[in-house]
Amino acid sequence: MATVYGIDLGDRTPALETRSLEISRESRVVVEALSMVVPSNRIVAVVGPSGSGKSTLLKALNRLSELDPGFDVRGEVLLHGENILRSDVDPAEVRRRVGMVFQRPSPFPLSVFENVAFGPRVNRFQGDLGRLVEECLRKAALWAEVSDRLFEPASRLSAGQQQRLSIARALAVGPEVLLMDEPASHLDPGATQRIEELIHTLKQEYTVVLVTHNIQQAARVSDLTAVFHRGKLVEYGPTSAIFTNPREELTEAYVTGLLT
């Protein structure tokens with residue numbers, strides 16, 4: 001049984017680990033001295049008031065932050081033990097291994113099929129592309145709804161379907177970790193429930209890091225919760241403990257709605 005930074009990993013190795021990670025934007029520190037682990041096949045919710053650095057953290061975990069010249073990232077991010085911030089590591093390969101799903105559904109102006117096939121084509125996938133597309137749509141709980149609409153424009157799908165399509169597209173390139181930034185924030189309650197059920201199912205194969213402002217959602221779907229405030233990790237541990245018996249006053253204030 002291994003315990004790292006207070007998190008019991010059991011017999012699992014961490015999918016992700018940050019060591020003294022500091023993220024600055026235009027010389028302002030956004031995330032400060034962050035050391036934490038994300039166990040494999042777990043759902044980690046990242047919560048905290050607006051401006052706490054949550055979305056900025058996600059962008060650093062798969063090197064999307066490098067696309068903005070104002071960002072400076074220091075420290076280490078380990079993906080299954082490999083420091084993916086090293087200069088000799090290909091950022092494109094990092095983003096394949098650590099996928100991202102954004103707040104708003106973001107289908108390409110292509111058919112449903114070609115949205116899912118896009119990444120594998122770029123990566124010169126040599127297998128049965130039709131089978132891969134079907135497999136990813138099934139994993140995203142979307143196949144039954146679009147199997148007879150594969151060559152229609154993805155823009156004709158509902159918002160909830162488009163978000164699940166975005167998840168299927170992320171799965172198609174074979175990620176090890178999925179980062180989700182408020183994936184249900186623009187969806188109605190029914191579509192939100194489908195996304196939450198899907199996230200819970202995905203942890204059987206993937207590790208999920210979920211940024212959410214919805215603390216009820218964090219309580220429903222996550223195994224572990226990290227609470228951030230002003231760029232610092234306030235508390236991190238099993239979700240049940242965070243919401244029922246927090247150790248830190250800031251955590252209690254946030255989960256009870258006194259800190260927004």
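Mentor: Helices (H or I, at least four residues) and strands (E, at least two) are DSSP runs, numbered from the N terminus. The model is predicted: local features need pLDDT of at least 70, side-chain atom pairs need 80 or more, and totals for chains, interfaces and linings use all residues. Residues are numbered from 1 along each chain as its sequence is written, and side-chain values use heavy atoms, without hydrogens or water.

Start at Val31. This residue belongs to strand S4. Val31 counts as buried because its relative accessibility is 0%; the cut-offs are under 20% for buried and over 50% for exposed, with partly exposed in between (1.4 Å probe, protein chains only). What does Val31 touch? Leaving aside residues up to four places away in sequence, its contacts (heavy atoms within 4.5 Å) are Leu21, Glu22, Ile23, Gly53, Leu57 and Gly231. Ala226 lies 195 residues from Val31 along the chain, and 13 Å separates their C-alpha atoms.

S4 covers residues 28-39 and is an edge strand. Strand S7 (82-83) is an edge strand too, and each of them pairs on one side only. The sheet is open, has four strands and runs in the order S4-S3-S6-S7. Its pairing is antiparallel; two strands pair if DSSP finds at least two bridges between them.

At the S7 end, strand S6 spans residues 71-79. Two bridges join S6 to S7, in the antiparallel sense. There, Leu79 faces Glu82 of S7.

Helix H1, residues 54-61, lies across S3 (14-25), S4 and S6. H1 runs at about 115° to S3, with angles taken from 0 to 180 degrees between N-to-C directions of axes fitted to C-alpha atoms, for helices over the stretch in contact. Leu57, one of the residues that Val31 touches, falls within the span of H1.

In helix H4 (129-139), Leu129, Leu132, Val133, Cys136 and Leu137 are buried. These residues pack against helix H3 (112-122), helix H5 (143-146) and helix H6 (159-171).

Finally, the whole chain. The chain holds 10 helices and 12 strands. Of its 260 residues, 50% are buried. Among contacts with a separation of 6 or more, 65% join residues 24 or more positions apart. The C-alpha trace spans about 55 × 45 × 40 Å along its principal axes.
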